Each structure stands twice: as structure tokens, then as C-alpha cells.
Amino acid sequence: MGTSMLKYFIEIINNLDSIVLIKRDQQINERRNIKDAVDTFMCIRLNEIDERKNGNVVPSNEAYELATSMMYSEWMLETPEDIDNWIAVLCPEGKRCCVIAQDNKTKTVNKFGTTLNIFPSLFPYGCRISNNCPSHRKRTVLDCVYSFKLKKYYVLDIIEWMGVPYRDFDAEFRFYFIQSKLSEIPGINEKSTTNFYPFELAPRMAARYLYQHLLEKCQFFPDSIELDGINFYYPESLYTSGETPLVLWLKPFMIPDVLQKPVNDHLVQLHKPPNYVNVFEYSQSLKKKNRKFKKKKNSTSNCDKMEVESLVEAMPHKAIEPQHDTV
């Protein structure tokens with residue numbers, strides 16, 4: 001009789017514990033909407049501190065695949081006959097990156113898939129808000145340029161939206177679609193706790209309407225942000241990986257030389273090297289500089305490797321302990 005009564009009381013205690021835990025979880029969930037914004041903000045700041053201290057984050061396989069499948073332009077060495085019908089996208093000075101909104105957070109990666117930043121945004125799956133359901137299988141992916149001076153992202157193109165890929169849609173439709181989606185998100189072009197960086201569509205127009213702007217306007221972006229160059233998209237081009245002849249790139253000072261269209265004096269002199277001859281010579285000199293840089297970088301890393309190997313050979317019986325940064 002005593003044993004059965006003891007079991008009875010134990011069951012009552014267990015049930016009470018369960019009720020207490022359920023109520024506690026309910027209270028936590030009720031406050032989560034308020035706490036999540038603060039927690040996300042704090043996580044961002046801690047992430048930025050860690051990135052400054054330890055360098056960029058190692059790329060994940062998924063981020064690497066997305067970044068390496070980005071589309072890049074070619075130099076406009078020859079002018080297409082129907083260039084006036086192509087879509088001109090004006091690009092500000094900044095860093096090209098891939099923006100991925102997934103699992104209630106947003107991150108930017110470079111062309112190697114290395115994470116540059118993690119923050120909340122109002123894109124689908126980009127932050128913790130009531131109408132954002134986390135889903136690892138769904139994501140929103142954009143092709144952007146980040147302006148360091150403005151602390152703002154300019155959207156060039158769309159890759160995925162809520163898990164639906166848009167690579168196989170033509171450029172004209174992709175641009176219309178992303179413009180309409182950005183207009184449907186209140187606050188996407190402003191900074192807030194749920195949208196840490198403003199996003200805006202990079203200016204675009206048919207090339208035939210561009211020439212008058214290049215003749216009359218010196219500034220296309222706020223706070224004296226200069227025009228870096230112009231991407232010309234063939235309207236029916238799909239979003240393909242790597243360089244494509246269906247997206248062509250020109251610096252502002254190259255417009256008179258290549259397109260035989262006048263531009264104002266400011267744009268003619270903007271970033272123009274004193275020894276500029278033509279687009280081909282300019283592109284070749286850039287390739288040569290990049291090869292020299294890569295060669296120097298490889299030789300530096302090889303020297304570091306040799307120094308480490310020499311150190312290991314000099315101390316064969318002593319293990320080299322890892323160094324830890326002090327907090």
C-alpha cells in the first residue's frame with residue numbers, strides 16, 4: 001500500500017514539473033518576438049568582432065557553390081549592332097558580392113564563397129520576424145554591390161527568391177521581378193534592427209536612354225559615390241555561371257571610344273589612366289597586373305610554408321603548440 005501511494009505522489013510531482021516547464025516555454029515564446037531582434041543585433045556585433053579578429057569565415061559548400069556560379073561580364077571589345085536595345089545597369093564603386101537570406105539570417109559572401117558579413121534583413125528568410133518561417137531548403141539569393149561609404153547594398157540581379165531559382169528567366173523579366181518584389185517590402189531601403197543594411201535596386205534603363213544621362217549628369221548615386229562602370233545586359237540573356245558575352249562592361253571614360261557617344265567632362269576623366277589607349281589594351285594591362293599579384297601571393301605563401309617546415313625540422317622533438325588570442 002505504501003509503495004503504490006509513493007508511486008502516485010511521484011506521478012503528481014512529475015506532472016507538476018511538466019506543467020511548470022510548459023508555462024515557462026509559453027512565457028519565453030511570448031517574449032521571443034521582442035528578444036529576437038535584440039539577440040540578432042547582438043549576434044551581429046559579436047560576429048563582426050570575431051571576423052575582425054580572426055579574419056573571414058571559411059566558406060561552406062553551399063555558399064561556395066552559389067558564389068562560384070555567379071555571372072560576370074566581359075569587356076565590350078566589340079559593339080553589338082543592337083546595343084541600344086540592351087539594358088544598361090549602373091554600378092557604384094564598391095564590392096561585388098552574393099547575398100543569401102536563409103534560416104532567419106542574411107549573409108554576404110565573396111566570389112570564393114567566403115563569408116564577409118552576417119546580419120538581419122527583411123528579405124524572405126532573412127531575419128526573425130513573425131511571418132518569416134525558417135527553412136533550410138528555401139532561400140533568397142541576390143547578386144549585389146556593397147557600397148562601403150554608404151553602408152548600403154545595390155541589387156544588380158536576382159538568382160533565387162523564396163527557394164525558386166530564376167537563372168533560366170531572361171534578364172528583362174528578372175529585372176522586372178526584383179523591382180516589383182523590392183517595392184513590396186516596406187523598410188527594405190532603410191536601416192533598422194530587422195534590416196541592418198539598406199537595399200536598393202541599381203539604376204537601369206535601355207541603353208538608348210542612357211546616353212543623354214551620361215551627357216548631362218555627373219552623379220548617379222548619393223553622397224558623391226562615383227559611377228564605377230556600366231553593365232550592358234542582353235534582354236534575353238539567362239543568368240549563367242562565369243563570364244558571358246551577353247553581359248558587357250564599360251568604364252565611363254570608354255563610352256566615347258567604344259559606343260561613339262559623348263559623355264560629360266567629369267565622366268571622361270573619372271578613373272581614366274593617363275596612358276589609356278583603348279579597351280583592349282586596358283583589359284590586357286589589368287590581366288597582367290592580376291597575374292603578377294597572384295604570382296607574388298603564391299610566392300609569399302610558399303615562403304611562409306618553407307619557414308614553417310624549417311622550424312619543424314629544427315625542433316624535431318618539440319611540438320609546436322597552437323597560439324590562442326587573448327580576449
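Modeller: The lining of the largest pocket divides into 13 nonpolar, 9 polar and 11 charged residues. Here Ala, Val, Leu, Ile, Met, Phe, Trp, Tyr, Cys and Pro count as nonpolar, Asp, Glu, Lys and Arg as charged, and the others, Gly among them, as polar. The model is predicted: local features need pLDDT of at least 70, side-chain atom pairs count only at pLDDT 80 or more, and totals for chains, interfaces and linings use all residues. Residues are numbered from 1 along each chain as its sequence is written, and side-chain values use heavy atoms, with hydrogens and water left out.

The pocket has a volume of about 1400 Å³. A pocket is an open set of points on a 1 Å grid over the protein atoms alone, with protein on both sides within 12 Å along at least five of seven lines; a cavity is a set where a 1.4 Å probe fits but cannot get out; lining residues have an atom within 4 Å of a point. Volume is the space filled by probe spheres set on the points, which are joined across faces, edges and corners.

In total, 33 residues line the pocket. Nearest its centre lie Tyr72, Ser73, Lys111, Glu243 and Asn290. Helix α7 gives the largest share of the lining, 7 residues. At least two residues each come from α2 (61–68), β1, β2, β3 (95–102), β11, β12 and α7. Helices (H or I, at least four residues) and strands (E, at least two) are DSSP runs, numbered from the N terminus. The chain has 7 helices and 12 strands.

Tyr72 and Ser73 also line the largest cavity, along with Met71, Arg96, Asp143, Asp157, Asn231, Tyr233, Tyr239 and Val247. That cavity has a volume of about 50 Å³. The whole structure holds 2 cavities of 30 Å³ or more. Strand β1 (71–75) supplies the largest share of the cavity lining, 3 residues. Both β1 and β11 (227–233) supply at least two. By class, the cavity lining has 5 nonpolar, 2 polar and 3 charged residues.

Tyr233 leads on to the packing. Tyr233 is among the residues with the most contacts inside the largest nonpolar core, together with Leu214, Phe232, Leu250 and Leu259. This core has 53 residues. A nonpolar core is a set of buried Ala, Val, Leu, Ile, Met, Phe, Trp, Tyr and Cys residues joined through side-chain atoms within 4.5 Å; buried means under 20% relative accessible area (1.4 Å probe, protein chains only). Strand β2 (residues 87–92) gives the largest share of the core, 5 residues. Leu250 touches Met76, Gly229, Ile230, Phe232, Ile255, Val258, Leu259 and Val279, leaving out residues up to four places away in sequence. Contact means heavy atoms within 4.5 Å.

Helix α7 also takes part in an aromatic pair (ring centres of Phe, Tyr or Trp, its six-membered ring, within 6.5 Å). The centres of Phe253 and Tyr282 are 5.8 Å apart and the planes lie at 75 degrees, so the pair is edge-to-face (over 60 degrees; under 30 is stacked, the rest tilted). Phe253 sits in the loop between β12 (242–250) and α5 (255–258), and Tyr282 in α7 (residues 279–314), 29 residues apart. Both are buried.

Definitions and conventions
Buried means under 20% relative accessible area, exposed over 50%, partly exposed in between (1.4 Å probe, protein chains only).
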